[in-house]
Amino acid sequence: MALKSFLEISPDSHFPMENLPYGVFKPDESSAPRPGVAIGDYVLDLQVIASAGLFNGPILANSDCFHQPNLNKFLEMGRPAWKEARATIQKLLSSAEPSLRDNASLRQNGLLPAAQVQMLLPMAIGDYTDFFSSMHHARNCGLMFRGPENAINPNWFHLPIAYHGRASSIVVSGTDIIRPRGQGHPSGNSPYFGPSRKLDFELEMAAVVGPGNRLGEPVDVNEAAEHIFGLVLMNDWSARDIQAWEYVPLGPFLGKSFGTTISPWIVTLDALQPFGCDAPQQNPSPLPYLAEKNSKNYDISLEVQIRPAGEETSYVVTRSNFNHLYWTVTQQLAHHTINGCNLRPGDLLGTGTISGPEPESYGCLLELTWNGQKNVSLGGTSRKFLEDGDEVIFTGCCKGNGYNVGFGTCSGKIVPSIP
Ligand SMILES: O=C(O)/C=C/C(=O)CC(=O)CC(=O)O
Ligand SMILES: [Ca+2]
Ligand SMILES: [Mg+2]
């Protein structure tokens with residue numbers, strides 16, 4: 001049974017009372033960024049709510065965490081603060097609670113139509129790491145880049161492989177992506193330099209780090225969930241021609257670092273809790289430091305649409321699910337810290353491309369077109385890789401009984417390379 005708010009919330013909304021995702025926004029161009037929570041078609045301004053003294057629980061009453069231009073301070077406070085904030089906001093928005101419902105001026109200042117505000121990156125991201133945790137994606141990339149002999153390296157089944165990404169070029173949904181220029185090396189030819197000819201998306205999600213750990217003090221895998229505030233949708237834009245030529249032996253560099261897009265709303269692990277499901281059986285069993293008492297994934301349906309340049313209509317090119325990940329986000333986080341590496345509040349851990357087993361569930365054009373050998377159809381037109389003007393739109397949603405816990409969208413449009 002859905003929780004009841006005094007606000008009218010459509011049953012199709014991604015943002016009912018059960019969700020309450022956090023973001024950062026500006027009410028208008030001239031105002032300062034502040035934290036907010038999405039509720040139906042509105043954004044609840046947490047700075048206004050805090051200034052009105054309505055965060056009156058023991059942890060948040062005297063905190064300035066919602067008077068900040070990003071969520072980092074709140075992320076650092078950890079799960080007790082997150083739980084207190086969620087309980088307070090759920091109560092404030094409920095149909096039975098008068099303090100906001102019956103206060104017209106507070107509603108006027110504190111509840112803004114989502115369509116009118118400008119969303120920003122929700123946190124300052126110090127470091128960004130991208131994992132490689134879908135077995136289907138690993139196998140498909142391996143087949144294309146390395147051949148059938150060693151499509152998946154033996155180490156893949158023993159540890160969550162990752163590379164260090166570039167934090168400075170992470171942008172919020174809606175930001176244009178400039179087609180990168182770089183070197184490619186078609187087989188049998190000399191390298192060329194120019195605009196990427198094989199620009200791709202990668203369907204991913206990412207974990208937002210909470211308190212983090214001190215340098216030299218790893219996080220236990222069974223406590224790793226306490227360090228994850230929530231998840232966002234993520235597009236790890238990838239230039240496949242640049243990547244294929246540069247990545248041996250050190251891994252992704254300029255083929256990935258030109259841009260990564262995340263959705264503006266962080267859906268908390270607390271909101272995702274009802275959608276937890278068993279993670280895949282791991283064979284061989286992981287080493288003890290990666291063995292979880294409770295190995296959990298989430299049932300999150302994911303979809304990618306492309307709106308071709310100059311068209312109003314967008315077309316679904318793939319459907320996948322977060323539960324296809326072989327390595328869980330908690331294993332990823334524990335593994336990241338096992339050598340003593342410190343994670344800090346606001347760090348971003350990409351899951352890796354989330355491909356499922358069927359060709360209709362592959363998470364990037366490289367796999368969907370098998371490196372340009374076939375086309376994906378977009379109504380009257382088709383693509384091997386992205387063209388200038390194409391907009392790529394990700395959505396993610398958990399289906400509850402009579403409600404959704406959704407992520408909204410994560411989108412970006414390709415604009416031409418600089419001349
Ligand atoms: O197989 C490779 O060499 C690399 C493939 C990727 O592009 C992987 C990557 O960015 C990680 C991921 O998204 O799973
Ligand atoms: Ca990736
Ligand atoms: Mg990227």
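## E204, a buried glutamate

Let's start with E204: at 0% relative accessibility, this residue counts as buried (buried means under 20% relative accessible area, exposed over 50%, partly exposed in between, with a 1.4 Å probe and protein chains only). E204 lies in strand β13 (strands are DSSP runs of E with at least two residues, helices are runs of H or I with at least four, and both are numbered from the N terminus). Leaving aside neighbours within four places in sequence, E204 is in contact with residues including D130, D236, T353 and F394, where contact means heavy atoms within 4.5 Å.

A word on the model: it is predicted, so local features need pLDDT of at least 70 and side-chain atom pairs count only at pLDDT 80 or more, while totals for chains, interfaces and linings use all residues. Side-chain values use heavy atoms, with hydrogens and water left out.

## E202, in the loop

E202 sits in the loop between β12 (199-200) and β13 (203-209). Is E202 buried or exposed? With 3% relative accessibility, E202 counts as buried. Beyond its neighbours within four places in sequence, E202 is in contact with D130, H137, D236 and F394, among others.

## Around the calcium ion

Which residues hold the protein donors of the calcium ion (ligand 2)? They are D130 (OD), E202 (OE), E204 (OE) and D236 (OD), lying 2.2 to 2.3 Å from the ion. Donors here are N, O and S atoms within 2.8 Å of the metal (3.2 Å for Na, K and Ca), and as water is not among the atoms, sites may look incomplete. Along the sequence, the donor residues follow the spacing D-x71-E-x1-E-x31-D.

The 6 donor atoms around the calcium ion (ligand 2) subtend angles of 78 to 166°, so the arrangement is octahedral. For six donors, that label needs opposite donors over 155 degrees apart and all others between 65 and 115.

## What the record says

UniProt, in an unreviewed entry, lists D130, E202, E204 and D236 under "binding site"; such annotations may be inferred rather than shown by experiment. They're spread over 107 residues of sequence yet cluster in space, with a largest C-alpha distance of 11.2 Å.

## Helix α6

Helix α6 (residues 135-145) has these buried residues: H136, H137, A138, N140, C141, G142 and M144. What covers them includes α10 (365-368). Just after α6, G147 takes a positive phi of about 90°.

Technical notes
Residues numbered from 1 in each chain as written. Chains lettered and ligands numbered in written order. Tetrahedral: all angles 85-135°; square planar, octahedral: opposite > 155°, others 65-115°.
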